[in-house]
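Student: I am new to this structure. Can we go through it in short questions and answers?

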Amino acid sequence: MQQLLNLYREWCGKEPSHTEKLPGAGSNRAYYRMTDDEGRSVIGCIGTSRDENHAFVYLARHFTKRQLPVPRVLAVSADELRYLQTDLGTESLFDAIRGGREAGGRYTVKEQELLRRTIRELPNMQFRGARGLDFSHCYPQPEFNVEGVLFDLNYFKYCFLKATELDFHELKLEADFRLLAKDLTAEKAECFLYRDFQARNVMVILPPKLGGDRGLNGRMGANACSDPQPPNLGGLWFIDFQGGRRGPFYYDLASFLWQASAKYPDRLRRELIDEYCEAAKQFAEMPKRDVFDRRLRLFVFFRMLQVLGAYGFRGYFERKQHFIESIPPAMQNLRELLANDDFPYPYLVGLLRQLTELPQYQQIEVVAQTRSDGYKTTALNPYNAHPKDGPATFSKYDGKGPLVVKVFSFSYGKGIPEDESGNGGGYVFDCRSTHNPGRYEPYKKLTGLDEPVIRFLEDDGEILTFLESVYKLADAHVARYMQRGFTSLMFSFGCTGGQHRSVYSAQHLAEHIHEKFGIEVRVSHREQHISQTFEAR
């Protein structure tokens, strides 16, 4: 620590007035916020590996020359075990989208825009960042290759799989590992592979608030660098790229969008992939979409195994609680992937299916299984009749399918929406018991689709409690209607003006049903003249 203080003094000309150790994560590197007597700060790093530090310093300086949004290296010790960099604040993208994550993947418009901006910036790092980059400086290896893939797969085997005590045939597993490694490295790649591209490694901060580099306001001490941090009008900054190397762009996309704890809905993932492809076109010719999707899913598969290996080591062996808590959502991601994709590694896939079925990895809440032909349960007959009752008589509407759900918002002053299906089914919910943002001037001209109203309602919390009960009722009803092959179900939400609470509730129920069951959902905000259809998957 004293050597880091000496480095600061050499760079700044005096001691920091305050030094604070920052919370650690998965790395063994130690970070400190070092602040002077005027409140301006830098980040000091103490590493245990000279080569890892060298990789970060080289990459950061290269990316700075390319005018990419990364922290600037301010000073480096002679042995390269310590360095100073600009302070990019305390809020990561992971923190900024916490609300949507804690709401089970219901991200607000503002949170979704942050994700879109991030994913649009990724090709910039990958393609522009690779120009003129000497990959021999990368740590621990210069490129993504078969040996590196096998290392990660064996990391999963020894640090996670063996810890479960699940019996397996090592030679058969190794054979599938080698096939997977060959497929992953089949295409030549010339991109910068970030490797740890995730929401925690993206900082969200506006340029005027940047601390740490007094080059923004002038020189900081006799030995400070005089050139300022390049302005970043997007407000997004990328950190912890020291493990990067030459490799395929699919890897980072899989790493970001299938992060275990993020809970990104499938619809949002697809939209973000579209954003990425559009942004990447300015740098390279993208593969045809079916080829792109197939390759991406292969890297998602690999990334999930790699992540479980890291969680096993950091959680089971180092006993770090964050990683232990991340294992159940990671296993759920793997479970969903195996349910929707047929990977050509039969022994490995069979073993992973056994793994996801172990009792310690089962979800407490059983989620309804969905298929293209509708809802599926263990019983073919939805009713368990007593033998003495004889055969049941069913509705003439049974078995028609598929189900289409219609969701309305409306004003009670203008009447309840009519049911055009002719069956008279569905629910009408009264939102007027919840806090009304329409009483306050800033929200009078906005609707429940606008971010300020969404934040008002969610910060207040009454609407969330209200919808919890609605979701339970709706889920059970939708599941049974799908099971019986009914074709129409209607939900309506009313409030005073059909503008704020009812619009918010209708939109969120529509998205919830579509994400959970994959069926067609049509939402209509009657008083706002806004309609939207979520197509069946």
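Student: Which residues does Phe292 touch, not counting residues up to four places away in sequence?
Tutor: This is a predicted model. Near neighbours in sequence are set aside here, up to four places away. The residues that Phe292 then touches are Phe249, Tyr250, Leu253, Ile273, Tyr276, Cys277, Met286 and Pro287.

Student: Is Cys277 buried or exposed?
Tutor: Buried means under 20% relative accessible area. Cys277 has a relative accessible area of 9%, so Cys277 is buried.

Student: How many disulfides are there?
Tutor: A disulfide is a covalent bond between the sulfur atoms of two cysteines. The cut-off is 2.5 Å between the sulfur atoms. The sulfur of Cys431 has its closest cysteine sulfur in Cys495, at 6.1 Å, so that pair is too far for a bond. By this rule the count of disulfides is zero.

Student: Which helix holds both Glu174 and Arg178?
Tutor: Their side chains meet in a salt bridge, 3.6 Å from N to O. The two residues are four apart, about one turn of the helix. Glu174 is buried at 18%, while Arg178 is partly exposed at 49%. The helix is α7, residues 170-184.

Student: What is the N to O distance in the salt bridge of Glu38 and Arg40?
Tutor: Side chains of opposite charge can pair when their charged atoms come close. Glu38 is exposed, at 54% relative accessibility. Arg40 is partly exposed, at 24%. Their side chains meet at 2.5 Å.

Student: Which residue forms a salt bridge with Arg526?
Tutor: Arg526 is partly exposed, with a relative accessible area of 26%. The closest N and O atoms of the pair are 2.8 Å apart.

Student: How many salt bridges does the structure hold?
Tutor: Some share partners and form a network, which includes Glu113, Arg116 and Arg120. Arg267 and Glu511 are also among its members. The structure's total is 38 salt bridges.

Notes: Residues numbered from 1 in each chain as written. Predicted model: local features only at pLDDT ≥ 70, side-chain atom pairs only at ≥ 80, totals over all residues. Heavy atoms only, no water. Contact = heavy atoms within 4.5 Å. Buried < 20%, exposed > 50% of the residue type's maximum accessible area, 1.4 Å probe, protein only. Salt bridge = Lys/Arg side-chain N within 4 Å of Asp/Glu carboxyl O.
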